[in-house]
Amino acid sequence: MWRVLAIKAINGYEITNDEALDVLNCPEDELLSLLHSAYHVRKKFYGNKVKLNMIINTKSGFCPENCGYCAQSRDSKAPIEKYRMMDKDTIVRGAEKAHQMKSGTYCIVASGRGPSTREIDIVTSAVKEIKAKYDIKVCACLGLLKPEQAEQLKEAGVDRYNHNINTSENHHDQITTSHTYDDRVVTVNYAKQSGLSPCSGVIVGMKESKQDIVDMARALNLMDADSIPVNFLHAIDGTALEGTDELTPSYCLKILCLFRFINPTKEIRVSGGREVNLLSLQPLSLYPANSIFVGDYLTTEGQESTEDHKMIEDLGFEVDVVTKEKVLS
């Protein structure tokens, strides 16, 4: 059955809703067969290459939004480090670290509803210098965008813009009420219209239903997101979702397989929370997925990048090294 889904995905056929739910309900004794089938799809479009991404959190806390998962939200009581926007030189130095870690994409992230004029100016100035120094793709994640801001980022050399839908449209109001699901979709569309590569993903484990997870994967397919980060909730004390623990390592793998079947040609990125949710099964995540973050996340720590490189090597996979030609493509 799972091989049939792989053939469907490779040939461009959409799997049915029942088939999608079957993936999430896959019996434990069929998990390896499911992973093997998802790997066929991944191998068809990405071979055994693994894309690496690194985040820099350029502004932490002080966010007016009330997202229930986030330690930086206005309602969070989590004891995180808070600081205003970093200066240009600090952001550029982060790109040097990303380059040393063999990251193909450097992700410039800032908390807040959306960027101010000053913040856009700092980011664009930094990106121009980064592009002059390194063969690396730059992704910005600065919140809700205006069309002219998207154009400014594109003109400065930003390659990709990330704005996650985070959850399904149906479940959105259970996670945040300070902005709408449509607000997020509009920002992704502004990025696309400006010529930026659209990046949008999800956070699973936030008390959503299995149907919600299917709906998320389909929504991102309709949005034609080039890169899809799949985050696994790392519930932080002091947030609205404190104590939530709904995920198991095998269920996380089933979710990644589902996203691969529904978005066969896209970069599926194992993102925040992989270390604490996938545990010893982390290596298996790269059979359906083809991209990971190295280093730390926004307010939580990742594992040592050397461990990630070793994991990739041990699997017989290889890092997708970025060249100037790939950056320009």
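The exercises below work through a predicted model.

**Exercise 1. The nonpolar core**

Task: Find which residues of the largest nonpolar core touch the most other members, and which helix gives the largest share of this core.

Solution: 
- Start with the core itself, which has 86 residues. Tyr106, Ile130, Leu153, Phe259 and Phe261 touch the most other members.
- Next, look for the main contributor. Helix H9, residues 249-262, supplies ten residues, the largest share.
- Now zoom in on tyrosine 106. Leaving out residues up to four places away in sequence, its contacts include Met54, Ile56, Ile91, Ile130 and Val138. Lys137 is also among the residues that tyrosine 106 touches.
- Finally, check for another core. There is a second, separate one of eight residues, and Tyr69, Cys70, Met206 and Leu233 are among them.
- For background, nonpolar side chains tend to be buried together in soluble globular proteins.

**Exercise 2. Helix H9 and one of its serines**

Task: Work out whether the span of H9 agrees with its 14 residues, then decide whether serine 250 is buried or exposed.

Solution: 
- At 1.5 Å a residue, H9 should span 20 Å. The C-alpha atoms at its ends are 21 Å apart, so the two values agree.
- Then ask how covered the helix is: 13 of the 14 residues of H9 are buried.
- Serine 250 belongs to this helix. Its relative accessibility is 12%, and because the cut-off for buried is under 20%, serine 250 counts as buried.
- What does the side chain of serine 250 meet? It makes a polar contact of 2.9 Å with the side chain of glutamate 28. Beyond its neighbours within four places in sequence, serine 250 is in contact with Glu28, Leu31 and Leu281.

**Exercise 3. The buried face of H7**

Task: List the buried residues of H7 and explain why they are said to line one face of the helix.

Solution: 
- First, the helix: H7 runs over residues 181-193 and has 13 residues. From first C-alpha to last it reaches 19 Å, close to the 18 Å expected.
- Its buried residues are Tyr181, Arg184, Val185, Thr187, Val188 and Ala191.
- Viewed down the axis of H7, these buried residues fall within an arc of 155°, so they line one face.
- Among the elements covering the buried residues of H7 are helices H6 and H8 and strands E4 and E5.
- Just after H7, glycine 195 has a positive phi of about 100°.

**Exercise 4. A tyrosine in E4**

Task: Find where the polar atom of the tyrosine 161 side chain meets the backbone of leucine 142 and of glycine 143.

Solution: 
- Tyrosine 161 sits in strand E4, residues 160-162. With a relative accessibility of 1%, it counts as buried.
- Along the chain, tyrosine 161 and cysteine 141 are 20 residues apart, yet their C-alpha atoms are separated by 5.9 Å.
- A polar atom of the tyrosine 161 side chain lies 2.9 Å from the backbone nitrogen of leucine 142. The backbone oxygen of glycine 143 lies 2.6 Å from a polar atom of that side chain.

**Exercise 5. A buried arginine**

Solution: 
- Arginine 269 lies in strand E8, residues 267-270.

Methods: Residues are numbered from 1 along each chain as its sequence is written. This is a predicted model: local features need pLDDT of at least 70, side-chain atom pairs count only at pLDDT 80 or more; totals for chains, interfaces and linings use all residues. Side-chain values use heavy atoms; hydrogens and water are left out. A nonpolar core is a set of buried Ala, Val, Leu, Ile, Met, Phe, Trp, Tyr and Cys residues joined through side-chain atoms within 4.5 Å. Buried means under 20% relative accessible area, exposed over 50%, partly exposed in between (1.4 Å probe, protein chains only). Helices (H or I, at least four residues) and strands (E, at least two) are DSSP runs, numbered from the N terminus. Contact means heavy atoms within 4.5 Å. A polar contact is a pair of N or O atoms within 3.5 Å; within protein, one must be able to donate a hydrogen and the other to accept it, and residues adjacent in sequence count only if both atoms are side-chain atoms. The expected span of a helix is 1.5 Å times one less than its number of residues. The arc is that of the directions from the helix axis to the C-beta atoms.
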